[in-house]
Amino acid sequence: MMHGWRGDLLAVGRGAAPFALILIAWALVTRANVLPAMFLPPPADVARTGWDMLKDGSLWTNIGASVGRVLVSLVISVPLAVGLGIFVGLRRRLSPVFEPIAGFFNSLSGIAWLPLAVTWFGLGWVSVIFIMFNTIFFLVFYNTLVGVRSVPRIFEHAVRTLGGSRRHIIFQVLIPGAMPNIVTGIRMSIGFGWRALIAAEMIATSTGLGFLIYNASNFHQTDTILVGIVTIGILWLLTDRLVLQPIERWTVERWGLVSSSR
Amino acid sequence: MKASAMPVVAVLRHRSVVFLLVVAVAWGGWELFLVTTATVRIDPALQTALRERAPLAVAITLGFAPENFHIRLFQSYGIVSGVRGNTVLVNRVSPDDLRRISRYYWVKRISPQSESVQ
Amino acid sequence: MERHWEIVSTWVLILAATIAAWSLGAATLPVPDYFLPPPSAVLSAFVELIAKGMLPIFVAESLRRIVLAALLGLFVGVPIGLLLGVSRVTADFAYPVLNFFQSISGIAWLPLMLIWFGFGERTILVAVNYTVLFPVIFNALLGIRSVPQIYVNALRTLGASRWRIVRDVLLPGALPNIAMGVRLGLAYGWRALIAAEMLVGANGLGFMIFNAQTFHLTARIMLGMGIIGALWVVLDYFLLRPLEEATIARWGMVQR
């Protein structure tokens, strides 16, 4: 208890040390002038560019666009996917039919939808949302379906024997039983979706972090690219720390189960 | 003896192993097919020129109008100097590259250039 | 057996209904032809692209790149992850770095690689191998670190050598994580490959569907998507899932 904050500080220090070392190595390499600045600008230049972009708001605009797209796609796809996944999973005849179909669309997830999206919706945010929807929906749908199917029927029978209604079975047996899989699906869909987003933004839009770094490469603005890459990494670490890990911990505590595939 | 033979059979029946074997056999058969049919696509008039090592000017006839893809592919073997209908004219193709081109199953005929241009 | 038959017949039914609805939609909807080509157009695109020799070359190019990345992941990524994981000091040091770099997809590095390596094959290969390598290294390290210290201590008390501990405890304990890392890394890598081929490629399936879009050859796009999905299903079913199943069944780490 007493050493709690010291332990935290130590942990942060230990986590930051490797990055500090990378920064130093990076600074030394650029100082040695072996590479032209266009290839690898010194960290100080990148920090200055990042600070300028924060001040003039351009970085915030692009962060907002990317994060906004992720959130909108999640809000549209996740409830639909969970709902349909449970609906199909409940039907013991339908679910083995739909499982491989969902599996196929899973393997197609992400950027492969882009050409079709652009054909149908043109360049713009609708295309990006369409790509994200397909990526997130099928991953969550598939995992929900598998989750509902993996709940042992004996629990269902037990509740029914005790006089439980269909509602009871759905809300107190199947959904909790499928929860670890649903959470795994959502977790994976954020990982795949975030990656698809960066690629899609490069081609199909004129805002967002993907566009920012791709556009910067056309003008050989290596410092802007590095600011974008670091921002993407930090955003992912924050998502992981603040959203995904708490959800997972909560699922494990609540239902005491960990799904084997993360 | 029998006990030690069992795992081998089990390994051979594993779906990954079966898959890889099928892929290897199919691929090998396909390559064999391409190599054996390759010489048929080369005009007999070119055979003597092939034995010398000098680069050749050839007319490659396809069964369809060439797309950008085909032009670019031939460009990597020589210098594409023109397209006449379904025929692509390629200059400075080395004999080795010519044999490689003849392995493409979609190439109909490779002939000396002077003949097809007229 | 009968149940199996039931599933297959339902698939055929769904497939037939989808094709019928799709054909009807393509024929009646008031949209330009390129918007929704009928299923028959996708089939004839398939025949055409094989007759013209393009499809086999595109498929071969994409497969060559992903197989290369898979081999690099297995024979370079896994050993690196294991080596880093064996020592507590290197593991503590490498963990945050690997976590950071594996979270950035190879595609995000693509703009930088374009400047470094130019517009071409080298950039595609670096992007795909990066995308595969980091999850593989990261999960191999995680696997080693997730083996309970108790097992290591138990063997050490019994006088086992360091090599013995690595071979009999750490490596088997890490296998499920390694298999998972390889599968996840390749799943990310396959998508990164398609994206990289779209952005800088001159061949491959990603290039094929992206190029088809600029010429409004929508049937080719749909065909390409079908092949991209089918190839992954086949590779996953025959090569990647057995890897995961084998390690989990063999080492009894099922956690479901």
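**Close-up views of a predicted model**

**View 1. The fold of chain C.** Along its sequence, chain C runs in the pattern α-α-α-α-α-α-α-α-α-α. The model shown here and in the other views is predicted. Chain C has 10 helices and 0 strands. Its C-alpha trace covers about 75 × 60 × 30 Å along the principal axes. The radius of gyration of chain C is 23 Å, whereas a compact globule of 256 residues would have one near 18 Å.

**View 2. Burial and contacts inside chain C.** Of the 256 residues in chain C, 42% are counted as buried. Contacts in chain C between residues at least 6 apart in sequence are considered next, and 71% of them join residues at least 24 apart.

**View 3. The contact between chains A and C.** Two pairs of chains touch in this model, and the pair with the most contacts is A and C. Chain A brings 43 residues to this contact and chain C brings 44 residues. On the side of chain A that touches chain C, at least two residues each come from helix H1 (4–31), helix H4 (95–107), helix H5 (114–121), helix H8 (166–204), helix H9 (209–218) and helix H10 (222–255) of chain A. H10(A) gives the most to this side, with 7 residues. Sorted by class, the side of chain A that touches chain C holds 28 nonpolar, 13 polar and 2 charged residues.

**View 4. Helix H8 of chain A.** This view follows one of the helices named in the previous legend. H8(A) is made up of 39 residues. A straight helix would reach 57 Å at 1.5 Å a residue, but the end C-alpha atoms of H8(A) are only 46 Å apart. At Met179(A), H8(A) bends by about 50 degrees. Because 28 of its 39 residues are buried, H8(A) is largely enclosed by the rest of the structure.

**View 5. The two domains of chain B.** Chain B is divided into two parts: domain 1 covers 2–36, and domain 2 covers 42–117. The C-alpha centres of domain 1 of chain B and domain 2 of chain B are 36 Å apart.

View 6. Chain A and chain B are not joined by any contact. The closest C-alpha atoms of chain A and chain B lie 18 Å apart.

Notes. Residues numbered from 1 in each chain as written. Chains lettered and ligands numbered in written order. Predicted model: local features only at pLDDT ≥ 70, side-chain atom pairs only at ≥ 80, totals over all residues. Contact = placed C-beta atoms within 7 Å. Helix = DSSP H or I, 4+ residues; strand = E, 2+ residues; numbered from the N terminus. Nonpolar A, V, L, I, M, F, W, Y, C, P; charged D, E, K, R; others polar. Domains from an automatic or database assignment. Rg over C-alpha atoms; globule rule 2.2 N^0.38 Å. Buried ≥ 20, exposed ≤ 12 C-beta atoms within 10 Å, placed from the backbone. Expected span 1.5 Å × (residues − 1). Bend = angle between axes of the 7 residues up to and from the residue.
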